[in-house]
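Hi there,

Here is the structure I promised to hand over.

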Amino acid sequence: MSFDLVLFGGTGDLAWRKLMPALFQAFRHGSLPAGGRIIGVARDPLSDEQYRELIRSRFDEVEGSKRPGAGEFERFAQLLHFLRMDLSQPADYQRLGELLRQRGADVVVMYLATAPSLFACTVEQLAAAGLNTPNTRLVLEKPLGHDLQSNRAINETVRRVLQERQIFRIDHYLGKPSVQNLFALRFGNALFEPLWRRETIANIQISIAEDLGVEKRGAFYDSTGALRDMVQNHALQLLCALAMEPPINAHADAIRDEKLKVLRSMKAWTPQALSQHVVRGQYGPGTVHGESVPAYTEEPGVRPDSTTETFVALRAEIANWRWAGVPFYIRTGKRLAGRDARIVVSFRPAPHAIYRSPGNGANRLVIHLQPKDGLELHLLAQAQDGKQAGRVQQQLTPVHLDLDFDKRFGSERVGAYERLLLDVIEGRLNLFVRADEQEEAWRWVEPILEHWRNEAEGPRPYAAGTWGPSASSAMIARDGNCWLEEC
Ligand code: NAP
């Protein structure tokens, strides 16, 4: 199968930090179909050779084992081409059309790795130039829009010129091996299904903590914030994977239909819930891994008086038979105490205690997403040491069953973008988000944005290198619960 992958924004941060390394890995693994062409597009007047050199120089920043070896980059570089285009200029699309028609590849992927403000105009111009053919696939990066209205506007533009089966909305969390294992855990094994419900589960935590700040993306982040950047997409997709009913098969729409039902069942926000169950924060100066770091408002590209949130913690509920009354806590933030994305499923305690309780620390499943990829089942056991012998009511000790997927399957597993790019080329939609899912997620977060717009009080400050504002711990403590690192 031949393919052309047109990378709009081919010189941008996403292209060289994520997409090119992923395409190179797919090439190295032999999984990129032969007969492919990768066409970088931007306004710089680069030749193919200059573009190859630009990409080669960027690979120096890629981590060791993922860097091309001698001769490897030269072979990969044969796939790379460059086309200078200004996406606001209709004439430039004619030149793209000529380049694509000369070859007539079986599949043409248009990957929009540009600012979202260019999405609608690019899609309209592609159609005007006749480049929305049945073999076209369009990839849209997140965040798709700024709110429900802008999200709808982009989706409507795109659906006027392409069918839904041709549209690949990226949420790269869905491409992570750890997230695919979450689906495998739930729908490949019968073990947990009888327990996966309100009668046995007390609460679920989804925590996506980053120790990095905004790096070189201060201006982008400042107009986005944690709710739009992480909660509306990644965190809610994880929540769907945890809460959805088993799909009738593994087809894309069967999975997306079930995710959509979860989003539609999210309990609507009330004024009281908005003030008690949502915490926003912004990091001040602090120390991360022993290094002093500046406040968010001192980062390059960030407005000095910015009220953009770099932290969100919230308590959600799903109003359906399986989950009614079970709190789902979501927390995400930048410059936290560590880089750690995990899900904690806490089960209800034994209904009748015959042992002396050891307190918290057991009865839960911890699903590690990154950097560790694995599962821990926290149980109680009897240590049976000499000191306890002969006691009537023995003390139980928390123990872990620990499954490390990197150790089990090797750390050279297919990365998220590699997997998703291959899925686009091969036309698999399972790990992409449908328009209605996205709209429903925006509908649910919009009252929070609205509440913040009208609230005099800005985000709560927290010191970089901590787990966020104390109000986040207080929020979860009101239910008698705690974030995993506090329990
Ligand atoms: P970026 O570094 O600013 O890159 C933008 C790219 O678009 C550059 O190649 C730029 O090249 C090109 N471009 C801008 N205006 C253009 C025009 N009028 N015509 C043709 N090309 C134009 O942005 P980014 O960080 O890569 O982000 C790209 C998209 O990915 C955004 O939607 C972002 O939200 C999303 N995303 C990024 C990341 C990330 O880690 N970077 C993660 C997730 C999602 P020229 O200026 O030379 O034309």
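N363 sits in the loop that runs between β13 (340-347) and β14. Helices and strands here are DSSP runs numbered from the N terminus, with helices being H or I of at least four residues and strands E of at least two. Before going further, please note that this is a predicted model, in which local features need pLDDT of at least 70 and side-chain atom pairs count only at pLDDT 80 or more, while totals for chains, interfaces and linings use all residues. Residues are numbered from 1 along each chain as its sequence is written, and side-chain values use heavy atoms, with hydrogens and water left out.

Back to N363: its phi is positive, about 65°, although N363 is not a glycine. With a relative accessible area of 31%, N363 is partly exposed. The classes work like this: buried is under 20% relative accessible area, exposed is over 50%, and partly exposed is in between, using a 1.4 Å probe and protein chains only.

H289 also has a positive phi, about 50°, and is not a glycine either. You will find H289 in the loop between β9 (286-288) and β10 (291-293), and at 59% relative accessible area H289 is exposed. For context, most residues other than glycine have a negative phi, and most peptide bonds are trans.

Two cis peptide bonds are worth a look as well. One joins K142 and P143, with omega about -5°; P143 is in the loop between β5 and α6. Another runs from Q370 to P371, with omega near 0°, and P371 belongs to the loop between β14 (364-370) and β15 (374-381).

**The ligand site**

Which residues come nearest to the ligand? Of the 23 residues around the ligand, they are T11, D13, L14, R17 and T114, where "around" asks for a heavy atom within 4 Å. Helix α1 (residues 13-28) gives the largest share of that shell, 3 residues.

- G12: a polar backbone atom is 3.0 Å from an oxygen atom of the ligand.
- D86: a polar side-chain atom is 3.1 Å from a nitrogen atom of the ligand.
- L87: a polar backbone atom is 2.9 Å from a nitrogen atom of the ligand.

On its own the ligand has 880 Å² of accessible area, and the protein covers 80% of that. The areas come from the Shrake-Rupley method with a 1.4 Å probe, and for residues only the protein chains shown count as cover.

**Salt bridges**

How many salt bridges does a search of the whole structure find? The search gives 39, a salt bridge being a side-chain nitrogen of Lys or Arg within 4 Å of a carboxyl oxygen of Asp or Glu.

R159 pairs with E439, with the closest N and O atoms 3.6 Å apart. This pair links distant parts of the chain, since R159 is in helix α6 and E439 in helix α14 (residues 435-454), 280 residues apart. R159 is partly exposed at 37% relative accessibility, whereas E439 is buried at 11%.

E440 forms a salt bridge with R264, the closest N and O atoms being 3.7 Å apart. E440 lies in helix α14 and R264 in helix α10 (residues 252-265), so this pair ties together parts that are 176 residues apart in sequence. E440 is buried at 14%, while R264 is exposed at 55%.

R434 and D436 meet at 2.9 Å, N to O. R434 is buried at 10% relative accessibility, and D436 is partly exposed at 27%. There is also a network of salt bridges that links R186, E193, R197, E245 and R322.

**Helix α5**

In α5 (residues 119-128), the buried residues include F119, T122, V123 and L126. Seen down the helix axis, the buried residues of α5 fall within an arc of 95°, so they line one face of the helix; the arc is that of the directions from the axis to the C-beta atoms. In general, an α-helix has 3.6 residues a turn, so residues three or four places apart point the same way.

The cover over these buried residues includes β1 (3-8), α4 (90-103), β4 (107-112), β5 (136-140) and α6 (148-161), with contact meaning heavy atoms within 4.5 Å. After α5 comes G130, whose phi is positive, near 75°.

Happy browsing!

Key:
A polar contact is a pair of N or O atoms within 3.5 Å; within protein, one must be able to donate a hydrogen and the other to accept it, and residues adjacent in sequence count only if both atoms are side-chain atoms.
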